[in-house]
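Colleague: Could you walk me through this one slowly? I am still learning how to read these things.

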Amino acid sequence: MQKYSIFNLVKNAFSNHQNWDLAWKDPEPKEEYDVVIIGGGGHGLATAYYLAKEHNITKVAIIEKGWIGGGNVGRNTTIIRSNYMHDENGLFSEFGMDLWRKMSQDLNYNVMFSPRGIINLAHSDAQMNVYARRGNSMRLNGIDAVLLNREQVKEIIPMADFSENVRFPIFGGLMQPSAGTARHDAVAWGYARQADDMGVDIIQNCEVIGFDVSAGKINGIRTSRGNIKAKKVGLCVAGSTNILAEKLNMTLPIETHLLQACVSEPVKPVLDSVVTFGAGHFYISQSDKGEMVMGGDLDGYNSYAQRGNLPTLQHVLTEGIAMMPFLSKLKMLRTWGGIMDMSMDGSPIIDKTHIDGLYLNCGWCYGGFKATPASGWTFAHTIAQDRVHELNAGYSLNRFNTGHLIDEKGLGTKTWIS
Amino acid sequence: MLYIKCPHCGMRPQIEFSYGGDASVKRPELNKEISDKEWDDFVYNRKSLRGKHLELWQHISGCRQWIKVERDTATHEIFKTFKADEEVV
Ligand SMILES: Cc1cc2nc3c(=O)[nH]c(=O)nc-3n(C[C@H](O)[C@H](O)[C@H](O)COP(=O)(O)OP(=O)(O)OC[C@H]3O[C@@H](n4cnc5c(N)ncnc54)[C@H](O)[C@@H]3O)c2cc1C
Ligand SMILES: [Zn+2]
């Protein structure tokens, strides 16, 4: 594979960039693989990459029903952070932050990782106390956290509403300076290109429609392009998890819900960090193109529609305008939605299953993009070694049975009620 | 905007309602031995069907009654609505 470098860029300029290698091939499915990964989103692609790179397992196929990167990995608002209170989430995500920092070099692909910091705004003394507690927990786990007072927040985001008589005055905020954003498509493409180069077959336009299980062991999958044998199968289908679980006679602590996001018309640089509203669910950042990238609540009822409903968008943007009044002057450029695997405690599942050779990766809720590298890394380990790594040991499926929930947000068992 | 026909009040916009999840989930009978698995299925595990889905909604800004709604989770088409204690046919 040609390396992406300034020299190769110049060299290829002489042939009008007509002779670059394809970034990945378009192979026919083989009869059999050591590992089949279902789902060519961020997590599936990263898993295949780390299977090849860390475990030398290259007889691997990624089976994607549409095109790689067409799911949530290409629909999210790209926030990357590890500002969690619970050890399981904090340590897992901070391990991921390290992988993010190295990712562009590691993949030889510019994923435009931009550690611009995230600020969670607080609107009361009580909320400041909660944030102080979370910040301290983060620091105990080696994650950077700074508690900002009102004046310090004002220095960073002067465009927010700091007037006295607002309904939700800004008291301060919790900042993780090392958090940030990345280019989501590049993450999918970067992992795909390297995985392909190491021998992984990326098979697109191929839908998994069933499984071949006998005597408690997985033997292969059935797809729209025929049957494929596999010693091991990993599920990375995010919002489609329930559909495939049904074919395995499993019911999971997951519901599929719709999350929307939108961008404004591009404007000059105004916001250089990620900011979340503390009195509702709204978050914002500015893309490199200048668009204000915004999102918030789920639509609120089970949905596989991949497109949203206006009342939620209106509600979310009302919060945004309360926080940053200048947003009301901007025109909306685009809105879209993705279907989300909402777990019952808000934390993910990366685990083995009761079926030998079948592995589960799901329950990513609002935060699966930032988890892409750590999820791929730990899922590859779980599949290759047939046992969980200590980093994903807490993300077990049976925690709902044993009561060891990881309830980060205090939302209880149904994260979609908020 | 979804429009939901409340069996008590008639057709109303979705913003008057709040969502209550899968209506086919049954609480285990308390007067017999209940396994952990049964509690799991009641509290956490959901089919989350793609297609026809029977679900609970509450007409929170109206009559405040809980109702059952049969809705398609892929197209959002609403087929039928029922009172909470009405048999679904
Ligand atoms: C609007 C929005 C904003 C978000 N914002 C953020 C954010 O700021 N930060 C963050 O960390 N996370 C965010 N997320 C969450 C994040 O995008 C997801 O958790 C994450 O992308 C899920 O993992 P994935 O990339 O592997 O999923 P996907 O990209 O959805 O991959 C799953 C793939 O499986 C394929 N598939 C499904 N069924 C089958 C089948 N039967 N056969 C074959 N293939 C199949 C799908 O086509 C899809 O490509 C957001 C999500 C949305 C929708
Ligand atoms: Zn009513």
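Colleague: Is A:Met340 buried or exposed?

Modeller: At a relative accessibility of 6%, A:Met340 counts as buried, where buried means under 20% relative accessible area, exposed means over 50%, and partly exposed lies in between, with a 1.4 Å probe and protein chains only. A:Met340 lies in strand 16 of chain A, and its C-alpha atom is separated by 16 Å from that of A:Thr312, 28 residues apart from it along the chain. Helices (H or I, at least four residues) and strands (E, at least two) are DSSP runs, numbered from the N terminus.

Colleague: And what should I keep in mind about where the values come from?

Modeller: This is a predicted model, in which local features need pLDDT of at least 70 and side-chain atom pairs count only at pLDDT 80 or more, while totals for chains, interfaces and linings use all residues. Residues are numbered from 1 along each chain as its sequence is written, chains are lettered from A and ligands numbered from 1 in the order in which they are written, and side-chain values use heavy atoms, with hydrogens and water left out.

Colleague: OK, ligand 1 next. How many residues surround it?

Modeller: Ligand 1 is surrounded by 38 residues, the closest being A:Glu64, A:Asn72, A:Val73, A:Thr77 and A:Lys370; a residue counts as near a molecule or strand if one of its heavy atoms lies within 4 Å of it. By class, this shell has 18 nonpolar, 15 polar and five charged residues, where Ala, Val, Leu, Ile, Met, Phe, Trp, Tyr, Cys and Pro count as nonpolar, Asp, Glu, Lys and Arg as charged, and the others, Gly among them, as polar.

Colleague: Which backbone atoms lie by the nitrogen and oxygen atoms of ligand 1?

Modeller: A backbone N or O atom of A:Val73 lies 2.8 Å from an oxygen atom of ligand 1, a backbone N or O atom of A:Lys65 is 3.0 Å from a nitrogen atom of the ligand, and a polar backbone atom of A:Tyr366 is also found 3.0 Å from a nitrogen atom of ligand 1. A polar contact is a pair of N or O atoms within 3.5 Å; within protein, one must be able to donate a hydrogen and the other to accept it, and residues adjacent in sequence count only if both atoms are side-chain atoms.

Colleague: How much of ligand 1 does the protein cover?

Modeller: Of the 1,000 Å² of accessible area that ligand 1 has on its own, the protein covers 96%; such areas come from the Shrake-Rupley method with a 1.4 Å probe, and for residues only the protein chains shown count as cover. The elements giving two or more residues to the shell are helix 2 (42–55), strand 12 (254–264) and strand 16 (332–343) of chain A, and strand 12 gives the most, with three residues.

Colleague: Switching to the metal: what holds the zinc ion (ligand 2)?

Modeller: Its protein donors are B:Cys6 (SG), B:Cys9 (SG), B:His59 (ND1) and B:Cys63 (SG), at 2.0 to 2.3 Å from the zinc ion. Donors are N, O and S atoms within 2.8 Å of the metal (3.2 Å for Na, K and Ca), and water is not among the atoms, so sites may look incomplete. The angles among the four donor atoms are 103 to 117°, and the site is tetrahedral, a label that four donors get if all angles lie between 85 and 135 degrees.

Colleague: Why does it matter where B:Cys9 and B:Cys63 sit in the chain?

Modeller: B:Cys9 is in the loop between strand 1 (3–6) and strand 2 (10–13) of chain B, and B:Cys63 is in the loop between strand 4 (52–58) and strand 5 (66–72), so the pair ties together parts that are 54 residues apart in sequence. B:Cys9 is partly exposed at 27% relative accessibility, and B:Cys63 is partly exposed with a relative accessible area of 27%.

Colleague: What does chain B look like overall?

Modeller: Chain B has one helix and six strands, running β-β-β-α-β-β-β from the N terminus on, and 39% of its 89 residues count as buried.

Colleague: Last one, where is A:Gly368?

Modeller: A:Gly368 is in the loop between strand 18 (358–362) and helix 9 (372–385) of chain A. A:Gly368 and A:Thr78 are 290 residues apart in sequence, yet 9.5 Å apart in space, C-alpha to C-alpha.

Technical notes:
Four donors count as tetrahedral if all angles lie between 85 and 135 degrees; four count as square planar and six as octahedral if opposite donors are over 155 degrees apart and all others between 65 and 115; anything else is irregular.
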